[in-house]
Amino acid sequence: MAGIALAMIAAVAVDASGASAKARPAAHKPAKAKTAKAPAVIAVDAAWPKLEAAGLVDPATEAKITDIMSKMTLEEKVGQTVQADINFIKPEDLKTYPLGSILAGGNSSPGGNERATPDQWLQLADDYWRAALERPTKAPIPLLFGIDAVHGHSNLVGAVIFPHNVGLGAAHDPELIKKIGEVTADEMSLAGVDWTFAPTVAVSRDKRWGRSYESYSENPADVAAYSGMMVEGLQGVDGGKDGVKPGHIMSSAKHFLGDGGTKDGKDQGDAQVTEADLARIHGAGYPPAIKAGVLSVMASFSSWNGQKMAGNSRLITGALKQRMHFDGFVITDWNAQGQVPGCKNDDCPAAMNAGIDMFMAPDSWKGMYANTLAEVKAGKIPMSRLDDAVRRILRAKLKGGLFTLGAPKDRALAGKWQNLGSAEHRAVARAAVRESLVLIKNQSHLLPLKAGAKILVAGDGADNIGKQAGGWTITWQGTGNANSDFPNGQSIYGGIKDAVTQAGGTAILATDGSFTDKPDVAIVVIGEDPYAEFQGDRTNLAYKQGDTTDLDLIVKLKRQGVKVVTVFLSGRPLWTNPIINASDAFVEAWLPGTEGGGIADVLIGDANGQPRNDFKGKLTFSWPKKANQGPLNVGTPGYDPLFAYGYGLTYKDDGDLNQLSEDSGVADEPVANVDTYFTAGRIKAPWALNLIDAGGKTAGDHDTFSSPKGNVTQSAVDAGKQEAGRSLVFKAAGEAAVTGDAVDLSRQQSGKMTIGITYRLDAPVTGPVLLGMGKDAASEHRIDVSGILKAPVGQWGTLKVTLDCFASAGVDMKAIGVPLSISTDKPLSISYSTIKIMSDEGDGTCPAH
């Protein structure tokens with residue numbers, strides 16, 4: 001293979017004087033080789049460990065790099081430092097622009113289809129790889145393709161999805177972490193992907209942070225114990241030193257640094273800590289990853305004491321590269337360079353001068369390439385700094401095997417889809433589920449259940465693989481997934497059904513808890529809906545504050561004399577005291593991924609009710625006594641949790657709990673809810689619904705009500721559940737508007753989100769239907785969506801209009817007091833069941849306006 005790959009590279013090398021030179025963006029002239037001047041040593045706090053070299057640098061590799069760089073033009077060197085997203089670059093662009101890397105970001109996929117086939121993913125990787133080597137050059141360099149495979153190769157339909165890190169931390173099994181890395185690498189290799197943006201080694205210290213589930217623990221010692229093992233699993237043991245072998249991939253430790261310690265748990269926020277604590281707590285995962293040979297590190301969006309990480313030379317160059325001797329390359333997060341003062345998404349010499357080696361410039365790559373090139377020529381970026389960045393990138397590519405693997409479709413493992421979601425891989429994931437479960441309560445030793453029992457399985461998470469897998473699953477936010485999107489997966493109900501049926505018992509699925517034949521016991525599966533990053537940020541840890549749907553389900557079953565086992569799906573501990581009180585047993589299952597059968601392995605015993613597998617999980621995140629308890633971490637002053645770090649019952653333990661306080665501590669606090677306006681049959685606080693016509697406005701929600709002159713009337717309708725939707729009938733000109741105090745949606749806009757409405761036309765559209773958004777009624781911008789209301793009359797559909805669409809029309813996304821309005825001057829009959837900010841999964845739109 002190596003010889004074939006090198007021959008292929010040689011075959012595409014064309015002399016600079018060739019006829020195809022007109023395709024190049026600039027003159028093809030090798031850059032003058034200069035001896036790189038080492039940057040001055042930056043003094044950092046002694047808390048940073050002083051590490052020895054991990055073996056990434058060796059004479060043979062450095063000689064190859066020197067030879068390659070001697071043949072590279074300045075343009076080619078700059079190109080290596082820029083990464084573009086597949087949604088914003090075509091393979092043919094790489095025949096002109098010498099970019100070094102591409103990524104498929106959260107909602108990027110072949111042809112915009114998040115559910116593309118594995119073959120389509122492999123073809124995509126192959127197309128880009130080959131196109132990059134068709135550009136005439138004396139220094140052919142393979143393209144590096146990266147993906148966020150944070151809990152398995154989660155972009156790929158059919159791949160095994162492992163529990164998120166929050167669950168893996170609870171398993172306390174470093175060798176299991178390594179196996180998960182090996183399986184993930186294997187399944188990525190099948191699709192021709194070279195690199196994963198993992199592991200996340202953040203130490204989440206405030207569980208209000210929307211990325212808490214990407215953290216193994218609040219305890220830095222746990223993160224340190226797992227980070228190196230995941231790197232070894234992904235890259236192979238000594239993969240950085242001896243080279244990544246086929247079947248393994250490059251990894252990236254992230255996000256450097258302090259992303260898990262921001263004030264109030266705010267995504268992309270500010271970690272206000274001393275440098276010693278930054279090193280000791282938030283830096284704990286990096287030394288083991290560096291020692292294991294990690295080939296890249298991703299710099300965080302976040303700040304440390306007010307300074308953006310992507311521009312922090314003290315930490316990137318001083319602490320990471322010099323003190324900890326990291327010899328791989330540093331890449332920014334998605335356009336993070338644009339947040340550095342004085343920078344833009346496509347222009348940031350300060351970041352490269354601080355030590356950034358590669359810009360993740362997904363949609364800004366063309367400007368970043370041109371501006372960086374100009375700044376090197378002008379001396380704003382020293383040539384020595386560019387050469388150091390390029391050397392680090394080439395070192396990773398050589399150690400990562402890119403120069404010997406060949407094109408993705410020509411690789412030995414490519415397209416062996418029988419290994420995708422194989423029984424062996426699923427067994428590793430199932431073991432991870434078993435080991436991650438934490439038993440919180442087991443009144444009167446209700447668990448384990450007899451395998452031959454009659455079991456009712458209820459709750460909206462019971463038969464919902466998408467919900468049990470969480471965010472970063474097929475789609476960025478993990479939303480919009482059906483069980484059919486997981487052909488090799490199993491829901492929690494599916495696993496329970498298999499376990500009890502084999503022993504002569506029965507498992508009946510009824511998400512609403514209804515039954516005609518009284519069951520022996522009910523397993524109720526509930527929890528957080530999928531989210532990623534900022535969409536998961538919270539102001540407190542109350543579970544579904546103000547929404548008692550799940551509690552009502554449990555209470556209803558208890559009143560009917562049915563004992564209840566609650567299986568809770570979440571990316572963090574949440575204040576759930578009323579639910580724990582109402583349940584006979586309570587199991588924290590985290591976000592277990594595609595192997596729902598792992599839960600049945602522990603909950604369902606044998607025919608005599610004896611355990612088949614015991615609980616092993618222990619909390620690595622402290623469980624709050626109050627929803628407003630704020631940062632709660634073992635070893636800190638005033639530590640007072642409900643369930644302490646390390647808590648977790650086994651079947652031998654007394655699982656009885658005294659009645660827990662049902663005072664959440666946030667009853668009188670205003671609800672900070674910026675992105676959900678109507679769901680589960682009600683307007684969500686602090687928002688209000690107003691019906692408006694020439695006579696003024698009327699506010700309301702559940703009951704039937706009308707605008708002052710009666711032009712618009714709203715009433716409750718069924719939408720999957722009783723009265724879960726609302727019907728709007730416009731007799732004449734009027735508006736229905738969600739209103740409240742202005743909130744900042746600029747982060748949602750930068751995250752390429754949409755305003756979405758799940759709707760049903762109850763009669764044909766007869767004229768313009770305007771969707772509006774703005775700070776207030778006077779500043780609303782309205783877009784006619786009548787031409788894109790595609791759902792047939794009487795059928796539910798979802799319409800998503802991108803926030804960029806409104807921003808480009810002049811709406812200030814930092815001050816939104818009317819997140820959505822519907823208006824018309826013609827008769828209209830339309831129902832809705834959800835109004836919220838939604839992820840653009842290739843289905844967002846921007847009608848002409």
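Which cysteine forms a disulfide with Cys805, and how many Å apart are their sulfur atoms? Select Cys846: this is the partner of Cys805, and the two sulfur atoms lie 2.1 Å apart. Keep in mind that the model is predicted.

**Stop one: Cys805 and Cys846**

Look along the S-S bond. The torsion there is about 75°, so the Cys805 and Cys846 disulfide is right-handed. Now show the secondary structure. Cys805 sits in helix H23, residues 803-808. Cys846 sits in the segment after strand E31, which covers 828-839.

Is Cys805 buried or exposed? Cys805 is buried, because its relative accessibility is 0%. Cys846 has 39% relative accessibility, so this end counts as partly exposed.

**Stop two: Cys343 and Cys348**

Select Cys343 and Cys348. Their sulfur atoms are 2.2 Å apart, and the pair forms a disulfide. Turn the view to the S-S bond again. The torsion of Cys343 and Cys348 is about 65°, so this disulfide is right-handed.

Bring the surface back. Cys343 is buried, at 13% relative accessible area. Cys348 is buried too, with a relative accessibility of 1%.

**Last view: the whole chain**

Zoom out and select the bonded cysteines together. How many disulfides are there? The count is two. Number the bonded cysteines along the chain, and the pattern reads 1-2, 3-4.

Methods: Residues numbered from 1 in each chain as written. Predicted model: local features only at pLDDT ≥ 70, side-chain atom pairs only at ≥ 80, totals over all residues. Heavy atoms only, no water. Disulfide = S-S within 2.5 Å. Buried < 20%, exposed > 50% of the residue type's maximum accessible area, 1.4 Å probe, protein only. Helix = DSSP H or I, 4+ residues; strand = E, 2+ residues; numbered from the N terminus.
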